[in-house]
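Here's a short walk through one chain, going from the overall picture down to a few single residues. Have the model open as you read.

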Amino acid sequence: MMDATPESQTSRERVLAALGGGEVDRLPVVPLAGGWIAGASGRPLGEIMARGEVLAAAQLDVQARVGYDALYAYFDPLAIPEAFGCTVVLKEFGGPSLAGELPLDGSGSALDRPLPRPQRDGRLPEILEAVSILVERSRAALPVAGLFEAPFTTASRLVGATPFLLAMMDDPALTGRLLARVADALIEWGRALAAAGADMIIMPDPVSSTDLVSPEQSVEFAAPARRRVIEALPVPVMLHICGRTGPILPSMAASGARLLSLDQCMDLRQARAAVGWALALGGNVDPIQTLERGSPEAVVAAARATIAAGGPRRFVLMAGCAIPPATPLANVQALVAAARAARGEPS
């Protein structure tokens, strides 16, 4: 027998209930809002990227104005590659990007370097500080989400996508060792985020999409390392893979993730039929054509159609990917309003 629908929940209770299969008072809305925060908050990109206190302040400010159901202790997904020794540059238009990769093998490679230390290396200590600040200042009313990319995508960033994908075909053993090494680092980092107070981890894995590799390669190489990391973490994981993921939905569902976040090209009804009701789905309003370029009215209409296809049970309203940096604040507010209206709450 299902529990009675609660009359009122905090955002933290609501999101964790949706991830865990419990009843919610209304549909949670958790747009992936890391990089978008900079423009919405008006704070300098470099300060948000480099200082945990500024990142936390920006997150708290924008969430208070928009009202979605989470706080995000990240700005970009490059902190782990940077902590391994990759060079990250900040572009005025376009945000952070990698300017250099590591050797695939031998001296100075990811296999040769020590694992990143969460308390000391790169921006990792600042991110942990942001988690702690968000937990303290939200007073447990909002879930705090950390983010890092899955081993397959992180490995491709460390050595470069082309060398990594070629090695996957030419030297599977080397690829396996690299993925295992990266998984070790991500487990340590994920546990540090949880110890600092993070309630959940958002785990993108775009390079494992069937838009980039075959379904067989995704299942053989990406899925085992991803599952190993997820199973080792003490908090739930929201897994996002871009593009057409129909052929790999079974491996995504078997990953141990509590929620599968799907791209806007995916049919939510078909996805639900494929994965069943044992885990939550998230998605999948078009982030470019609707959220960035559409009107608030168009966002509400798209959100309603998305909710009808994927929800409301075991469903979290999201965009099909991260919110684009130029998205108007009013459009994200419209997304939140649509989620609230889906269960009758005043917007």
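Before anything else, a word on contacts: two residues are in contact when they have heavy atoms within 4.5 Å. With that in hand, look at contacts in the chain between residues at least 6 apart in sequence: 68% of them join residues at least 24 apart. Keep in mind that this is a predicted model.

## Overall build

The chain has 15 helices and nine strands. Its C-alpha atoms fill a box of roughly 60 × 40 × 40 Å, taken along the principal axes. How does the radius of gyration fit with a compact globule? For 347 residues, such a globule would come out near 20 Å, and the chain has 19 Å, so the two agree.

Of the 347 residues, 55% count as buried. The chain exposes about 13600 Å², and carbon and sulfur atoms supply 52% of that area. On the charge side, there are 30 positive and 36 negative side chains, and the centres of the two sets lie 3 Å apart.

## The sheet

Now for the strands. Seven of them form an open sheet with parallel pairing, in the order β1-β4-β5-β6-β7-β8-β9. Which strands sit at the edges? They are β1 (71–72) and β9 (315–319), each of which pairs on one side only.

Zoom in on β7, residues 259–262, which pairs with β6 (residues 237–241) in the parallel sense over four bridges. Here His240 has Ser261 in β7 as its bridge partner. β7 also pairs with β8, again in the parallel sense, this time over three bridges. In that pairing, Leu259 stands opposite Ala280 in β8.

Is β8 enclosed or open to the outside? Six of the six residues of this strand (residues 280–285) are buried, so β8 is largely enclosed by the rest of the structure.

## Two loop residues with positive phi

Check the backbone at Ala140, where phi is positive, about 65°, although the residue is not a glycine. Ala140 is in the loop between α6 (124–138) and β4 (144–147). It counts as partly exposed because its relative accessibility is 45%, and the cut-offs for that class are 20% and 50%.

Arg314 also isn't a glycine, and its phi is positive too, at about 50°. You'll find Arg314 in the loop between α14 (296–310) and β9. Is it buried or exposed? Arg314 has a relative accessible area of 13%, so it is buried.

Ser109 lies in the loop between β3 (95–100) and α6. At 1% relative accessibility, Ser109 counts as buried. What does Ser109 touch, leaving aside its neighbours within four places in sequence? Its contacts are Leu102, Pro103 and Leu104. Glu47 is 62 residues from Ser109 along the chain, and the C-alpha atoms of the two are separated by 30 Å.

Ala57 belongs to helix α4 (residues 52–66). Its relative accessibility is 22%, so Ala57 counts as partly exposed; under 20% would be buried. Ala57 and Ser208 are 151 residues apart in sequence, and from C-alpha to C-alpha they are 33 Å apart in space.

Definitions and conventions:
Residues numbered from 1 in each chain as written. Predicted model: local features only at pLDDT ≥ 70, side-chain atom pairs only at ≥ 80, totals over all residues. Heavy atoms only, no water. Pairing = 2+ DSSP bridges. Rg over C-alpha atoms; globule rule 2.2 N^0.38 Å. Buried < 20%, exposed > 50% of the residue type's maximum accessible area, 1.4 Å probe, protein only. Areas by Shrake-Rupley, 256 points an atom, 1.4 Å probe, with all protein chains shown as cover. Lys, Arg positive; Asp, Glu negative; His and termini not counted. Charge placed at Lys NZ, Arg CZ, Asp CG, Glu CD.
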